[in-house]
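Hi! Here's the structure I said I'd pass on. Have a look first, then read my notes below.

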Amino acid sequence: MDVKCPSSGEGRKMLWENFRHLTERDEVKFVISSEEDYRYAKDVAARYRRGKKWGILLSPAFGFLQPERLAGWMVGDSLDARLQLQLHKLVWGPDRRGV
């Protein structure tokens, strides 16, 4: 499941009730553009992950946040999450659509 962070401008489209359907087999992805987005992702995970262990994926927004910076925040906070690069941007380039 994707959660839209504040910098995406798409937060109003989020269906928060979908969290109740998640299981340990599911993952929730956040595309992070800023430290504000990172704090938001941590807050959302803390609020909705209680008692459940669905996976958390954090992806640095291509061209906005360096992966090293996001990884540093995650390590510094001992965050139970995985760093995920936007592979489609690396493989096909940032402007290619539909891949």
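Leaving aside its neighbours within four places in sequence, which residues is Val99 in contact with? They are His88 and Trp92, where contact means heavy atoms within 4.5 Å.

Before you go further: this is a predicted model, so local features need pLDDT of at least 70, side-chain atom pairs count only at pLDDT 80 or more, and totals for chains, interfaces and linings use all residues. Residues are numbered from 1 along each chain as its sequence is written, and side-chain values use heavy atoms, with hydrogens and water left out.

On confidence, the chain averages a pLDDT of 92 (the predictor's confidence in each residue, from 0 to 100), and 100% of the residues score at least 70. Helices here are DSSP runs of H or I with at least four residues, strands are runs of E with at least two, and both are numbered from the N terminus.

Back to Val99: you'll find Val99 in the segment after α3. Because its relative accessibility is 45%, Val99 counts as partly exposed (buried is under 20% relative accessible area, exposed over 50%, partly exposed in between, with a 1.4 Å probe and protein chains only). Arg82 is 17 residues from Val99 in sequence and 22 Å away in space, C-alpha to C-alpha.

And Leu83? Leu83 lies in strand β4 (residues 82-83), and at 39% relative accessibility Leu83 also counts as partly exposed.

Cheers!
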